[in-house]
Amino acid sequence: MSDFSAIPKPTVNFNDYLKMVNNPDGSVTRLLNLPSTAASPDHTTTTTTHLPVISKDIIINPDKNIWVRIFLPREAQDPSPSPSGATRKLPLIVYFHGGGFVVCTAATTVFHDLCACMAAEVGAVVVSVDYRLAPENRLPAAYEDGVEALEWISTGEEAWVSEYADVSRCFLMGSSAGANLVYFAGLRVADSVADLEPLKIRGMILHHPFFGGTQRSGSEVRLEYDGVLPLCATDTMWELALPKGADRDHEYSNPMARKGSEHCSKIREVGWKFLVIGCDGDLLYDRQVEFVDTLKRNGIEVLGEFEKGGYHVMELFESSKGKAMFSFVKNFMA
């Protein structure tokens, strides 16, 4: 895991931290130089490092620049059979990175490290999806990319997935904006899950999900000037990510405001369960709790794991917190 102290903490002027320059054509130039990590496709390329997880990148749509990074525990390639004599396949986690829909990629170091550690600790094949960012591609573009990634996985074209992953035990997981993406990409395929077979989604894991609203919540007021994720940060990200003219009560930002019951009806029909991970030191906390309560009221199986204190996506930066999260994830997937 990365050292959180090495990550620059935003000041109150979050747009200065983002270092995003607006261009006349509506695009932005991203000057923020976040650390990134290359894939490690072959553990034999180094003689001094024994990699427990190998990874590789696959482009699935060159026109939209949608690609995935696949993480495979090295032990999955062990040719020895299981006690039953059958090849043991690992569950599949399809993961979506965070960044407020406007920054970061699947190669950003904190997300690469999370997926590599999770593949090893949970014992799963992890497919981390890189999707289009706003404001060049406002929502629902990221949701559409998430659906396209699921459709690509279901084709069985990629050997690491077809040979080592049990796609009938698939869980969608995302951090922050990626957790929001998981929810809405899931809703988009809920009416056509049969079309994804043999891929079968069993549940969703939302890690510090990114939600908003026009009415300030108690935790947003309490943590307005938080050093990790201040309120002006979430406001700026929603302004850049939502469809033009939409406010923060749009369903993409605030799914509880208008279409919560309709969403829950779809989820009940497919029988997905939810794990929501957060903490009360995150200004998004109240909205996450409201989300969990909404699911429960509508008969959805949901487990909320909320820690006292902490900060937004702390599991990305503290290895002990990450290991605790992996334990939650492993138990949830069992």
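Predicted model: local features only at pLDDT ≥ 70, side-chain atom pairs only at ≥ 80, totals over all residues.
Colleague: How confident is the predictor overall, and what is the mean pLDDT of the protein?

Modeller: Residues that reach a pLDDT of 70 or more make up 90% of the protein. Residues 1-14 have a pLDDT below 50, and beyond near neighbours in sequence this stretch has 35 contacts in the model. For the protein, the mean pLDDT is 91.

Colleague: Back to β4, then: in which sense does strand β3 (residues 53-61) run with β4?

Modeller: Eight bridges join β3 to β4, and I59 stands opposite W67 across this pair. The hairpin of β3 and β4 has four residues between the strands, and N65 takes a positive phi near 55° there. The sense of the pairing is antiparallel.

Colleague: And which residue of strand β6 is the bridge partner of I70?

Modeller: β4 and β6 (residues 125-130) pair in the antiparallel sense over five bridges. Within this pairing, W67 stands opposite D130. For I70, the bridge partner in β6 is V127.

Colleague: Still in β6, is S128 buried or exposed?

Modeller: S128 lies in strand β6. Beyond residues up to four places away in sequence, S128 touches W67, V68, R69, F71, Y95, A106 and C115. Its relative accessible area is 1%, and because the cut-off is under 20%, S128 counts as buried.

Colleague: Now the whole sheet, please: which strands stand at the edges?

Modeller: Eight strands form an open sheet with mixed pairing, in the order β3-β4-β6-β5-β7-β8-β9-β10. Neighbouring strands of this sheet are turned by 20° against each other on average, direction ignored. Each edge strand has a single partner, so one side of each is left without a neighbour in the sheet, and these strands are β3 and β10.

Colleague: Helix α2 (residues 109-123) packs on that sheet; what angle does its direction make with that of β5?

Modeller: Helix α2 touches β3, β4, β5 (90-96), β6 and β7 (165-175). Taking the direction of the helix against that of β5, the angle is about 160°.

Colleague: At the β10 end, what is the handedness of the crossover from β9 to β10?

Modeller: Strand β9 (residues 273-279) and strand β10 (residues 302-307) pair in the parallel sense over six bridges, and F274 has V302 as its bridge partner in β10. From β9 the chain crosses through helix α9 (residues 285-297) to β10. This β-α-β crossover is right-handed.

Colleague: Turning to the cysteines, how many disulfides does the structure hold?

Modeller: Take C117, which is partly exposed with a relative accessible area of 26%. The closest cysteine sulfur to that of C117 is in C115, 9.6 Å away, which is too far for a bond. C264, by contrast, counts as buried at 2% relative accessibility. For the structure, the number of disulfides is zero.

Colleague: What about the loops: which residues is P140 in contact with, leaving aside its neighbours within four places in sequence?

Modeller: P140 sits in the loop between β6 and α3 (141-154). P140 and A185 are 45 residues apart in sequence, yet their C-alpha atoms are 9.1 Å apart in space. Leaving those sequence neighbours aside, P140 is in contact with R188 and Y252.

Methods
Residues numbered from 1 in each chain as written. Heavy atoms only, no water. pLDDT = per-residue confidence, 0-100. Contact = heavy atoms within 4.5 Å. Disulfide = S-S within 2.5 Å. Buried < 20%, exposed > 50% of the residue type's maximum accessible area, 1.4 Å probe, protein only. Pairing = 2+ DSSP bridges. Helix = DSSP H or I, 4+ residues; strand = E, 2+ residues; numbered from the N terminus. Right-handed = clockwise from strand over helix to strand, strands pointing away. Axes fitted to C-alpha atoms, helices over the stretch in contact; angles between N-to-C directions.
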